[in-house]
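User: I would like to learn how to read helix faces, strand pairing and helix packing. Please take me through a case.

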Amino acid sequence: MYSLVSCAALAGIAEWVCCPGRLNAPLYRALAACPAVHRWDVADNAAAAFFALGRVQATGRPVAVVAGSGNEAAAMLPAAANAYYGRHPLLIVTVDDAANGGGTGAPGCVEQESLFGIYAPTVRLELPCPVSDLPDLAGQLAEGFPVHLQLRVDAEAVMPARDMSTLTVAEPPETPPFRGSLVALSQMLRFHAQEGLVLMIGALEPAEQEPVLWLARTLRVPVVADAASGLREELAAYCLHDAEDILCETPPPYVLRVGAVPESPFWPMLEDMPDTRVFSITRSGFSGLTRQSEVIEGEPEQIMKALGDVPHVGDAMRLLPASRQASGRTEELLLESQESAPALVRAFSMHAALAECTCLGSPTASALWNRYAQWQVPTLYLRSLHTMGSQGVLSTFLGLSAGAESAFCLIGDLALLRDMAAPAILPQLPPGKRVIAVLANNGAEQALQDAEDDPELERLLCQPQEFRVADLAALWGAACYPIHTEADFEVLDNADNDALIFLEILPE
């Protein structure tokens, strides 16, 4: 076990999230002897995996999470899927007894081989073993995808003590060079972009923002920027308002997407626009479309350097004047409806813009934020946490915001119900102000448009839950304030620097 911890340290793993389990004792004994490694303890397996995922995103390093047992490890599958599609190096460790053969059906024993399917390939390791048999974790995690490490141990073996005080954690492995040809993209930018080009920017890592900002300011084309890009406000002069309406009316010949798959409603509409040629520069390597498109996989900075000089293209299709008219109409509506959900999200965004970390935890929250949030103050570190569902949103938020002096999160009411284990993590976190705003939209309210006045269909689609946010806030040991108007947000102005606050946003 000591050699395994050293192997993980060479791969840059400085944090382990530990779930309780009888067979985990030898591993935890080795971790406890290593002061260079930070150990988090989280009893719930699903919350532990999502918290570890948050730490990966916050630190840019691989993080290990240890399951309590084989069957409990299955609860980590949603976090593994999130890590896979977000390309985050999460190491999921499971431990089972080497004396138990596969397929026995013994209590607590499940088949661990390929437990996480494509999302985290299994590396099986019999312990104890020679150092030469240890896996190359650094090489496997360098690709950025999650890995499942299955440890088979002798439950009766006695592990001698060893001094691990001199162990140091290496820097995380370097990312591989970009993959894909730049020829078609370069030709499009230099010879065809003047026919009409739109730049779509999905979620970006902080290190990716500067090269993408340079690209946008150089091209000067209309932009559709997700809030999770961190560039939405910086590029306000180029951003399209009501982009899906404007672009459906005037489809662009070319779309260049940078970053994760965009959350804009226009992105899935591209499936039915075969005449629009789509290029993607993405760290994840996923196209986000079932139709044909050009994908270049890698870090944007590497790709920008390889592209070389990029021409000024401009707004060839004259889309920005229509966007400014749409922006004016939106501002008028916000003034007229100051107690609506869009207006209250706008007011909340003004406070959250000053935080070190901001998270959006539901599709409704992201849709409202992207469309209506303030445009004046750059919100540089914003994450969308709901891309694979609303499970584990708050655990991921706590992992992301650990160490931040202030952090804000906007979620839906169902996301709050689906992460009831998250409050147990709080005592381990450093002091800091955390504000969790719950948008009371009665469950999956957006599905109402499909209900067609059918009460049973409405019940099944929306499933509104009878609970009080204030009661759940009490489980967190947090103060809870109802928010009906913009003035109600004044409670944040006098909050302590280490306050934990719930806001129940109740739109008219």
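User: Which residues of helix H7 (residues 183–192) are buried?

Analyst: First, the ground rules. This is a predicted model: local features need pLDDT of at least 70, side-chain atom pairs count only at pLDDT 80 or more, and totals for chains, interfaces and linings use all residues. Residues are numbered from 1 along each chain as its sequence is written, and side-chain values use heavy atoms, leaving out hydrogens and water. Buried means under 20% relative accessible area, exposed over 50%, partly exposed in between (1.4 Å probe, protein chains only). In H7, the buried residues are Leu185, Ser186, Met188 and Leu189. They span an arc of only 160 degrees around the axis, so they lie on the same side of H7. The arc is taken from the directions from the helix axis to the C-beta atoms.

User: Which exposed residues does the face of H7 turned away from its buried side carry?

Analyst: Val183 and Phe191.

User: How many residues of strand S10 (residues 277–282) are buried?

Analyst: Five of its six. For pairing, DSSP must find at least two bridges between two strands. Strand S9 (residues 254–258) runs parallel to S10, joined by five bridges. Val255 stands opposite Val278 in S10. S10 also pairs with strand S11 (residues 294–297), in the parallel sense, over four bridges. There, Ile281 stands opposite Ile296 in S11.

User: At what angle do helices H13 and H14 pack?

Analyst: Angles run from 0 to 180 degrees between N-to-C directions. H13 (residues 341–352) and H14 (residues 363–372) pack at about 80 degrees, their axes 9 Å apart. They are therefore roughly perpendicular (65 to 115 degrees).

How values were computed: Helices (H or I, at least four residues) and strands (E, at least two) are DSSP runs, numbered from the N terminus. Angles under 35 degrees count as roughly parallel, over 145 as roughly antiparallel, 65 to 115 as roughly perpendicular and the rest as oblique.
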